[in-house]
Amino acid sequence: MSSAPAPISVATLHTSTRHDSGPKHVTGTAEYIDDMAEPGGTMHAYLGLSTKAHAEIVSIDLSAVKAAPGVIGVLTAEDIPGENDVSPSHKHDEPIFATGKVHFWGQPIFAVVAETRDQARRAAQLVKIEYRELDWLPDIRSAQANGGKLVTEPLKLERGNVDDGLTAAPRSVNGSISIGGQDHFYLEGQIAFAVPGEDEDVTIYSSTQHPSEVQLMVAAVLGVRQNAVTVNIRRMGGGFGGKETQGNLFAAVAALAAKKWNRACKIRPDRDDDMQATGKRHDFVVDYVVGYDESGKILAVDAVYAARAGFSSDLSGPVTDRALFHSDNAYWYPAVRVRSEPLYTNTVSNTAFRGFGGPQGMMAAERWIEDIAYALGKDPLEVRKANFYGTDTNNVTPYHQTLSDNVIHRVVDELEASSDYQARRQAMIEFNRTSTVLKKGIALIPVKFGISFTATWYNQAGALVHVYKDGSIHLSHGGTEMGQGLYIKVAQVVADAFGVNLDTVKIMATSTGKVPNTSATAASSGSDLNGMAAHDACEQIKKRLVAHAAQLYQAQESECVWVQGGLQVRSELVPFAELAASAYLNRVQLSAAGFYKTPTIHWDRATGRGHPFYYFAYGASVSEVTIDTLTGEYHVDRVDILHDVGKSLNPAIDKGQVEGGFVQGMGWLTTEELVWDGKGQLRTHAPSTYKIPLASDVPPVFNVQLAEWSVNKEPTIGRSKAVGEPPFMLAMSVVEALGVAVASVADYKVAPRLDTPVTPERVLMGVERMKEARG
């Protein structure tokens with residue numbers, strides 16, 4: 001058992017400090033948007049959704065909708081004064097309301113605005129729409145078979161001579177892997193609340209990871225400038241990427257209604273409609289050819305990463321780009337060529353999700369590592385180690401960035417020893433030799449994940465810090481809090497900078513009215529960017545305070561040293577509150593706007609070359625499972641993790657992110673299955689049919705350790721590393737372990753090739769394939 005987190009008043013960085021909203025979360029007093037007091041006359045909107053996957057709209061009869069009890073009005077594309085578009089890629093391919101044609105089942109066509117949410121929801125069902133159905137593309141293979149229309153420009157990464165490498169390789173393997181998608185299943189669904197102001201002004205409370213993009217989109221939809229729109233968000237009940245772009249539509253609808261009728265308006269869909277109408281993690285099919293030698297070393301890789309993008313571009317370009325960036329995971333390929341295919345399909349437009357394409361890229365890499373291991377009769381860990389990036393040589397990625405911080409060898413060696421992997425693998429083999437029904441599997445996999453937005457301009461952040469006369473501090477920055485602990489980490493940075501306790505720092509809601517032009521809280525960069533911006537603001541104020549103290553106490557600035565509690569001037573401690581009060585009386589500015597931009601990074605997409613990542617985060621996991629060969633059911637018995645977060649800003653928060661990321665990743669790879677029917681409707685649109693992990697699915701033995709020796713070689717905030725996304729991929733070890741258990745049925749001679757999610761049905765089918773192979 002780890003020791004309890006330190007009290008909230010402790011300011012020291014690199015110590016376990018509780019989440020600032022933790023007590024509110026567990027007592028139900030944390031205020032989310034739906035908890036906010038509604039102004040008198042607040043209206044409620046609800047979307048009317050398509051019931052066809054691909055069809056022309058012949059006619060729409062809204063008369064019954066408008067006549068329904070409580071209905072104030074109906075919004076369609078004709079009611080939009082600005083642009084009927086919320087495309088984050090600015091390709092104008094994602095209308096708020098469909099006109100003329102619908103491209104997926106669940107596409108918004110109109111919105112009802114009524115006195116109550118129930119009235120709006122019921123009225124939306126009364127519409128009569130006549131459709132002329134068109135052929136539709138449900139998935140990747142059907143899209144490829146029909147010409148492979150893309151929603152955005154594909155990417156190719158290439159290094160070395162792949163064709164020669166494949167020709168010269170003593171051995172080769174080709175195949176494909178199908179990797180399923182995933183719904184975000186945030187506890188708080190999509191929601192927006194718009195309050196009209198005077199003139200063109202409107203204030204939006206939006207559950208969004210990207211307030212500045214909501215501001216931009218709402219302004220464009222209303223046909224006003226961005227300074228007329230203020231977006232606020234104190235906290236989200238989960239995001240995981242699903243609120244990076246998907247909140248745009250809801251905010252725009254609420255704002256349209258609020259300005260049209262000059263009354264506040266809220267919109268919150270049911271879970272079923274939320275899941276039908278909003279994007280998900282992209283599912284992929286990866287086709288590959290890999291050449292290798294007798295020792296298991298990879299010589300050449302040629303792969304195509306095809307993704308179900310959905311009906312519009314959304315973020316499919318950068319998501320499929322990042323899949324290619326992580327097609328290597330932790331492995332060096334002497335020659336490599338990987339290409340993306342972001343395919344148009346008649347399904348909801350897929351979007352960002354924790355890992356942002358990286359997990360799908362890595363899953364394919366682990367598949368061909370597995371293929372090689374079974375072909376050679378080796379432990380897959382041996383093949384993994386044989387292909388690790390080097391530290392001084394064999395260290396150039398497919399996008400021509402040289403790895404300079406590689407610690408994967410140490411991470412894997414330490415976890416292999418601490419988890420007792422080798423002894424447990426031998427015990428597994430012995431168990432499987434005598435057990436006829438139950439079979440065990442164990443696997444150790446590495447993770448290398450690049451940190452930075454690949455769109456270089458997003459790698460910037462701002463912060464606003466005020467010090468008041470009583471020494472209390474007001475902190476605002478552009479990052480958003482979705483439960484991950486960003487707010488408490490940045491507050492720790494500020495408290496540590498001034499030498500005060502955390503209860504001195506007031507964490508304010510994120511607002512475009514305080515910090516402009518913010519980047520999305522995504523790409524695991526929230527603490528890196530916003531922590532450094534806040535630190536910059538603090539340093540500006542501290543510099544002024546030191547100059548003031550030196551003058552006031554007739555000392556040299558070098559004799560003024562910041563310590564816990566305030567400023568040490570020679571032998572005298574000046575308490576922070578006293579220093580702030582005297583600074584005010586002497587007209588010293590006690591406010592500063594901080595700014596930070598990530599250095600050294602650059603990326604040329606046209607050539608597929610650059611230095612897109614500031615640094616890399618590393619980790620490794622060992623999973624042990626037991627399967628029932630008669631039913632396909634299985635249990636994850638034990639998980640051991642060692643993860644690199646640099647010098648952790650807050651170990652309690654970071655371990656929570658590692659644990660939560662692993663369990664969410666395990667859900668993606670095992671139980672969370674998205675199923676569309678023959679008409680194009682998503683059938684797994686509620687917890688009754690879409691199965692996220694339960695508390696009972698958490699491994700009964702779950703050993704998570706941070707690499708306490710790690711210090712980021714780059715000058716990040718506190719020399720820490722990002723922790724939001726990298727642990728998600730650690731769950732790949734569950735799939736690999738399930739594969740080992742399945743392969744044991746054929747004495748480990750045949751690669752199991754389990755597609756994801758690895759449901760019990762897929763395990764059972766895998767077992768049957770092994771029985772056929774065994775003869």
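## Second largest pocket

The lining of the second largest pocket splits into 14 nonpolar, 18 polar and 8 charged residues. Here Ala, Val, Leu, Ile, Met, Phe, Trp, Tyr, Cys and Pro count as nonpolar, Asp, Glu, Lys and Arg as charged, and the others, Gly among them, as polar. The model is predicted: local features need pLDDT of at least 70, side-chain atom pairs count only at pLDDT 80 or more, and totals for chains, interfaces and linings use all residues. Residues are numbered from 1 along each chain as its sequence is written, and side-chain values use heavy atoms, without hydrogens and water.

This pocket has a volume of about 930 Å³. Its lining has 40 residues, with P88, L315, A455, W457 and Y458 nearest the centre. Helix 6 (211-222) and helix 9 (316-325) are the elements that give two or more residues to this lining. Helices are DSSP runs (H or I, at least four residues), numbered from the N terminus.

On a 1 Å grid over the protein atoms alone, a pocket is an open set of points with protein on both sides within 12 Å along at least five of seven lines; a cavity is a set where a 1.4 Å probe fits but cannot get out; lining residues have an atom within 4 Å of a point. Grid points are joined across faces, edges and corners, and a volume is the space filled by probe spheres set on the points.

## Largest pocket

The largest pocket holds about 1,100 Å³ of space. Its lining has 50 residues; F240, R354, M482, Q484 and Q657 are closest to the centre. Helix 17 gives the largest share, 8 residues. By class, 20 are nonpolar, 21 polar and 9 charged.

At least three lining residues come from each of domain 1 (22-30 + 460-597) and domain 2 (394-454 + 602-775). These bounds come from an automatic or database domain assignment.

## Cavities

There are 8 cavities of 30 Å³ or more. Of its 19 lining residues, E94, P108, Q246, L249 and A277 lie nearest the centre. Helix 7 (residues 247-261) supplies the largest share, 3 residues.

## Nonpolar cores

The largest nonpolar core has 154 residues; V286, Y305, W368, I473 and F498 have the most contacts inside it. Helix 15 (residues 526-552) gives the most, 11 residues. A nonpolar core is a set of buried Ala, Val, Leu, Ile, Met, Phe, Trp, Tyr and Cys residues joined through side-chain atoms within 4.5 Å. Buried means under 20% relative accessible area (1.4 Å probe, protein chains only).

Key: Buried means under 20% relative accessible area, exposed over 50%, partly exposed in between (1.4 Å probe, protein chains only).
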